[in-house]
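Dear colleague,

Please find the structure below, handed over for your review. The findings follow directly after it.

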Amino acid sequence: MTAPSAVLPSSPATQRGRPLSRWWWALAAIGLAPTLIPTLTLVGSVLSGDAVASVPAGRLAELLANTLLLAVSVTATSVAIGLATSWVTTRTDLPAARTLSILVTLPLVMPSYVVALTLLGAGGPRGVITELLGLESIPALTGFWGSWLALTVFAVPFVHLGAVPALRKLDTSLEEAARGLGSSRWTAFRTITVPLLRPTIAASSLLVALYTISDFGAVSLLRYDTFTRAIYAQFQGRIDRRPALTLAVLLMVVAIGIVVAERRLRRKATYHKSRPGRTHVLQHLGPIGRSVAYVGFGALTAVSLVIPISVLTAWVFRGLGSGQELGDIWADAARSLGVSLAAAVAAAIVAIPIAVVIVRDRTKTAPVVETVTWTSYSLPHITVGIALVTFALEVARPFYQTSFLVVVAYLAMFLPITVGTAADALRRISPDTEDASRSLGKSAIATVFRITVPLMAPGLLAGGALVFLTAMKELPATLLLRPNGFETLAIRIWATTGEGFYTRAGAAALVLLAVSAIPLTLVTLRDLSD
């Protein structure tokens, strides 16, 4: 399952098993609780009037315009680049296409705030690129353009991972017919291939747009005013949290609006085929085409991987050479690993009953469960953090500023990823296998642990790896919910950058990239396999 399909609801199962026990529903309801808390808390704040505050209309218009402009720009650029890279690596005879495809996906390990950090450190009077070129100063890329570049670098892999399997499964007969009628390669791609990829483009665009409007680290470091930056500014150090809640609710409405628009765009589309597709014939790239492709992949890799890692490494060596200390970075890494692993394991366990209800239940309630599961995923992370802070202060004060609440936040935000992969794995398991176990005298519990869960294991492991990868990089909710003195690698990067300690920030970023690369490599190899 590709990354985009791991974060979008799957189609209803075509085969249901026997009526489910009430215990499955009870366990699924318990598992859904973390995903419901943020939404219900924000809705409750609106109904009670707590989220109503006087925010100037001009300020709201500015934040909305900035947020939407960034979302549209990043989405359009990412889709254009992602479609180009996926088409070249799947439909042409370009040598080393698989290696290039993996290089395109690797920036997923690079948090947007790390890219923003390297943009700040590359330019300026003492910037790494400035000194390398022997110049006095290169203007640092900040504001809208810096945020656009940092977020696009991270978002292109989402489109690429979704488009690669879609292009492989696409029937090429229509494209060949268009070429036979005299259409150029570009015309056939624009008029035939792109329209057939509409569901994939819509799904990938939704992912990119939601990530862009929820980003906090990059826009904050690069000083570009969006909703997330304004929410944190209103929340930090203020007794009256109503302005922050008001902005959080408005951002939630924007996110839900994007989800509704995407579903309306693709709900009536049908793209299946009634006969087997033809085997793809790779299109030949001449010397000029190959040169252009390699230059494009090289530029993308340089901007997304080579320059950021080089800048971070240069900071570390420069700081160590001048006697600077790295700080207790390994303790921060241990905390990041601890909460991320806890969230990944919890998500894998909780996803089992939810996936069983979604796939095996024969009633009309199962799609509702699936929709509820994905509700919190559409919420920007800073709104989830605000909602859980409010919930903890009003309902569960003993859990306020505890690592347990951080794990709950990760579960609320990232559980749908594991549910998606687990449900996909369960749909590949025939109910007859479980029925055979029951007919041989095994109890329902024994069947679950000996048959169902082992067969679901690949999906659960993939989902857990994705949750771990995402939780390791998560910043805004962790920043709001962490206990006092609880520093993760993401928090270390954020704090040391604000204080000007680039050596420590660079070291923490390199450790974060190294740890995150392991699950990313496993997931990427699986998603790009033939």
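Isoleucine 307 is partly exposed, with a relative accessible area of 34%; buried means under 20%, exposed over 50% and partly exposed in between, with a 1.4 Å probe and protein chains only. This residue belongs to helix α13 (residues 287-321), where helices are DSSP runs (H or I, at least four residues) numbered from the N terminus. Together with Val303 and Val306, Ile307 makes a nonpolar surface patch of about 210 Å².

The model is predicted: local features need pLDDT of at least 70 and side-chain atom pairs count only at pLDDT 80 or more, while totals for chains, interfaces and linings use all residues. Residues are numbered from 1 along each chain as its sequence is written, and side-chain values use heavy atoms, with hydrogens and water left out.

Regarding salt bridges (a side-chain nitrogen of Lys or Arg within 4 Å of a carboxyl oxygen of Asp or Glu), the count comes to seven. One of them joins aspartate 225 and arginine 59, at 3.3 Å from N to O. Aspartate 225 lies in the loop between α10 (217-221) and α11 (227-235) and arginine 59 in helix α2, so the pair ties together parts that are 166 residues apart in sequence. Aspartate 225 is partly exposed at 21% relative accessibility, and arginine 59 is partly exposed at 28%.

Aspartate 332 is in helix α14 and arginine 492 in helix α21 (residues 489-499), so parts 160 residues apart in sequence are tied together. Both of these residues are buried. Elsewhere, salt bridges that share partners join Arg59, Glu62, Asp225 and Arg229 into one network.

Finally, a buried position: alanine 255, in helix α12 (residues 242-266), has 0% relative accessibility and therefore counts as buried. The C-alpha atom of alanine 255 is separated by 6.2 Å from that of serine 378, 123 residues apart along the chain.

Notes: Patches are made of residues with over 30% relative accessible area and no salt bridge: like charges are joined within 9 Å, nonpolar side chains (Val, Leu, Ile, Met, Phe, Trp, Tyr) within 5 Å. Accessible areas come from the Shrake-Rupley method with a 1.4 Å probe; for residues, only the protein chains shown count as cover. Helices (H or I, at least four residues) and strands (E, at least two) are DSSP runs, numbered from the N terminus.
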